[in-house]
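Biologist: I have a structure on my screen and would like to learn how to read it. Can we go through strands, sheets and salt bridges?

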Amino acid sequence: MKQDATRNAAYTVDCEDYVHVVEFNPFESGDSGNLIAYGGNNYVVIGTCTFQEEEADIEGLHYKTLRTFHHGVRVDGIAWSPETRLDSLPPVIKFCTSAADMKIRLFTSDLQDKNEYKILEGHSDFINGLVFDPKEGQEIASVSDDHTCRIWNLEGVQTAHFVLHSPGMSVCWHPEETFKLMVAEKNGTIRFYDLLAQQAILSLESEQMPLMSAHWCLKNTFKVGAVAGNDWLIWDITRSSYPQDKRPVHMDRACLFRWSTINENLFATTGYPGKMASQFQIHHLGHPQPILIGSVTIGSGLSWHRTLPLCAIGGDHKLLFWVTEM
């Protein structure tokens, strides 16, 4: 392992605006495993990226914009639908966004003439997280500063509604058992809901506040990770409702936590956007120190590539990509 883990991004893509959020498509959907979406102050861009780590005849990164969607208001969150397919005729691009106006927009496009969006209204405060159900893509879950988690169908009708004890910060759907939903609250409580019974079935406690971000490990769904205060925390839900492991990580409060999609011991965290440099870190549970520290002065959004140990972050007029060794 290198002594100095600090390094610049392996690849960058220039953008027209500050990037607030970036999301790789997490679903295997034909040729669209490399779809990426990013949001700025009033638009969403859908593109594809292919890396030299996957294709030998590519040098570095090959990025191509497929379509830019006018959004009209700052984009705060993006979630991909599993119905997205690039290999169908015509192709299907489906995703939703949360925005500064407290609305969810559901976009559908064939990358040609059909470009539609529907507005889902109901939250009365800032939306901190949203996600499609990963199997059928027929429902969307969202959490907000208004102390609710809401489930919507694609017509925009609310099918379920959970009252929380504090702002909802993150929401994750179980990859296989789609009646299970994880909701993380700012007060440090993470609850798992049974959507059929419409009630909580399990809860975890961080004992630390504010909890800003939590993520369910899709490679091992007994693992949950989060950042609260300056620390990252990891739970094994079969063993205890309190963290198995925790470590201080960002001097000026941690902001985001994301598990790698390919390795249950690999995860990334970010500090607050706009603060000092090196506020992005990649960690491995087998190592006491971060295995990579990204030197980036400002950045927001954090997403792992579906099949590579590679992270994307949004920056000032840039997308930044870091590759780590497993």
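Biologist: Let me start with a single residue. Which residue in strand 9 does Cys96 stand opposite?

Modeller: Keep in mind that this is a predicted model. Cys96 faces Leu106 across the pair, in strand 9. The two strands involved are strand 8, residues 93-99, and strand 9, residues 104-109. They pair in the antiparallel sense, over six bridges.

Biologist: Where do the side chains of a regular strand point?

Modeller: In a regular strand they alternate between the two faces of the sheet.

Biologist: Now a hairpin. How many residues lie between strand 17 and strand 18?

Modeller: Four residues separate them in the hairpin. Look at Gln198 in the turn: its phi is positive, about 55°. Strand 17 covers residues 189-194 and strand 18 covers residues 199-205. Six bridges join them in the antiparallel sense. Asp194 of this pair stands opposite Gln199 in strand 18.

Biologist: What is the pairing in the sheet with the order 1-26-25-24-23?

Modeller: Mixed. This open sheet has five strands. Strand 1 (6-7) and strand 23 (254-259) stand at its edges. Each has a single partner strand, so one side of each is left without a neighbour in the sheet.

Biologist: Do strand 1 and strand 26 run parallel or antiparallel?

Modeller: Parallel. Two bridges join strand 1 to strand 26, which spans residues 292-294. Thr6 stands opposite Ile293 in strand 26.

Biologist: On to charges. How many salt bridges does the structure hold?

Modeller: The structure holds 13. To read one, find the two charged side chains, then ask where each sits. Take Glu83 and Lys94, which meet at 2.9 Å, N to O. Glu83 is in the loop between strand 7 and strand 8, and Lys94 is in strand 8, so the pair ties together parts 11 residues apart in sequence.

Biologist: Is Lys94 buried or exposed?

Modeller: Buried, because its relative accessibility is 12% and the cut-off for buried is under 20%.

Biologist: Which residue forms a salt bridge with Lys103?

Modeller: Glu121 does, with the closest N and O atoms 4.0 Å apart. This pair links distant parts of the chain, 18 residues apart. Lys103 lies in the loop between strand 8 and strand 9. Glu121 lies in the loop between strand 10 and strand 11 (127-132). Apply the accessibility reading again. Glu121 is exposed, at 55%. Lys103 is partly exposed, at 25%.

Biologist: One last pair. What is the distance between the closest N and O atoms of Asp245 and Arg247?

Modeller: They are 3.5 Å apart, and the two residues form a salt bridge. Asp245 has 25% relative accessibility, so Asp245 counts as partly exposed. Arg247, at 24%, also counts as partly exposed.

Terms used. Residues are numbered from 1 along each chain as its sequence is written. This is a predicted model: local features need pLDDT of at least 70, side-chain atom pairs count only at pLDDT 80 or more; totals for chains, interfaces and linings use all residues. Side-chain values use heavy atoms; hydrogens and water are left out. Two strands pair if DSSP finds at least two bridges between them. Buried means under 20% relative accessible area, exposed over 50%, partly exposed in between (1.4 Å probe, protein chains only).
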